[in-house]
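Please read it beside the sequence and the 3D view.

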Amino acid sequence: MNGLHHEKKIISLIKSCTQKTHLLQLHAHLLCSAQFHNPAVFLPFLSRSALPPLRDLSYSGRIFSDFPDPNVSLYNTMIRAHSFSRDSAPTGFLLYQELNRLGISSNALSATVAIKCCTKIKSFSNGIQIHAKIWKDGHLSDNLLLTTVMDFYSSLEKGSEACKVFDEMSHRDVVAWNVLISCCTRNGRTRDALSLFERMSTNSNTCRPDDVTCLLALQACGSLNALEWGEKIHTYIVENDLLKAKSVCNSLIAMYSRCGCIEKAHDVFKNMVGKNIVSWTAMISGLASNGYGRDAIAAFEAMQEEGISPGDQTFTGVLSACSHSGLVEEGRRFFQSMIQDFKIQPNIHHYGCMVDLLGRAGSLDEAYDLISSMRINPDAAMWRTLLGACRIHRNIPLGERVVDHLVELKAQEAGDYILLLNIYSSNGDSDKVVEVREMMKNKGIRTTPACSTMELNGEVHEFFADDVSHHKRKKEIYEMLEEINQQLVIGGYVGDGVSCGGVHSEKLAVAFGVLMTAPGTTIRVAKDLRICVDCHNFCKVLSSVYDRKVVVRDRNRFHHFREGRCSCGDYW
């Protein structure tokens, strides 16, 4: 009886260890008392040394290898310990193979932690080996294991394989549904993610969406610019008392901001109890992307008055606000304050905002010098930002230099050459235009058609430049666009010959919006590229002639067109 009591006391001491020095003292005591290789004691000791918070893989590996005849529980502990990082995961999979090679009967937990190792190292071949053994061993009723397998396939963009696992599950709990929805959002199948949410939320489904489901669905709504869907999910959240979760409120703020409905984002923010740094950052970033630069700065200052210090993402938001609103001096001040007052080293996003800010304002040389002075290597996105500024300010020499940098990075795309072509064209250099087009032809560089989307009655419609052949109402859309063009010419619209080659996707989407919605209804469009000058003018004049509010989300920001004006003040 005393021996059992002593054993329980030792196990309790092991579990309470928070420092390795204490664990080493216990190790010495157990060796002296010949208790170290007692299986009942060794398993918690190995777990404490191998798993977080201590997680000493070298030390735990040595004591594990010295243990005579390790069982499946000890192997599972070591495999799990190695599954936490990409560097150690390969060893975890080797331990799983060793377990099976030695003839030790593995269980569902063995496969679960081994699959996590494969997920970390993105090893499809190893993962399918484990999946095959799961079938062989008959572990098909273990939900935790099968959801881990789904997540593995999802991380490797094998969405169809993840769906097969889901379909074969005998009992699907909310975790399984959430993993499948996450798989869809991760693999760009955002509409499928929303369809799954709808299936879950029907009364006939016994497994109802939880707060995590709502987070994933709201992310899909923001990606698709699907405001109607977002409002439906918001209603579900309120009806099911899920607003208490800060993460849900923060996701609602982000969703409404990404759908261009900043008023509703602010309503959620205003009524939220216990705002944290994520809440403030989401609101600041939302105001920034929607063109409310001064309001974003005011929110940034109010956050600090509430005693919350800004983080690196908060500074990205406020610097973005300065960039979108042309607040050059304010941007410089925040950038310096971030470094000097808050001791935050600039990352690639902070530098990108500053390059955008300076480039738009015409300080191209200063922007180039900033890139050259960076301690981190500039990425292709930063050079493209500067190239866009060169197009705005018609700076040919610098534009050519920027393209050379993109070539060095082997990151040049068709859009980069189009920007350079537009710089030459706007400067009247027809010879250079021909030269760039010839070079693109010789290199086989082709542009990918831009895509715009619009949500109507819960369905997301896609439109591609010069092409609505797939749309069931294509004839009516082109007829409506022709009628709109006639009306806009009367209203003062003049097409821009430089940037309006062909029918751009946002024009087709707007024409569809005018065709399908009642007069006065706001038209909301999302585009995967930056809106061009011609389409910007088109939307401005249309908002006046048709008395419509038009909201366009392009790759960089929102444009709210109303009464012939845009929220960007023609500064984008």
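**Helix α19**

Helices are DSSP runs of H or I with at least four residues, numbered from the N terminus. The model is predicted: local features need pLDDT of at least 70 and side-chain atom pairs pLDDT 80 or more, while totals for chains, interfaces and linings use all residues. Residues are numbered from 1 along each chain as its sequence is written, and side-chain values use heavy atoms, without hydrogens and water.

- Because 10 of its 14 residues are buried, α19 is largely enclosed by the rest of the structure.
- Gly326, which follows α19, has a positive phi near 70°.

**Nonpolar cores**

- A nonpolar core is a set of buried Ala, Val, Leu, Ile, Met, Phe, Trp, Tyr and Cys residues joined through side-chain atoms within 4.5 Å.
- In the largest such core, of 148 residues, Phe45, Ile130, Ile233 and Leu386 touch the most other members.
- Helix α7 (residues 108–121) gives this core its largest share, 8 residues.
- Another core, of 30 residues, lies apart from it and includes Leu481 and Val552.

**Cys117**

- Cys117 is found in helix α7 and is buried, with a relative accessible area of 0%.
- Leaving aside residues up to four places away in sequence, Cys117 touches Ile79, His82, Ser83, Ala89, Gly92 and Phe93.

Note on methods. Buried < 20%, exposed > 50% of the residue type's maximum accessible area, 1.4 Å probe, protein only. Helix = DSSP H or I, 4+ residues; strand = E, 2+ residues; numbered from the N terminus. Contact = heavy atoms within 4.5 Å.
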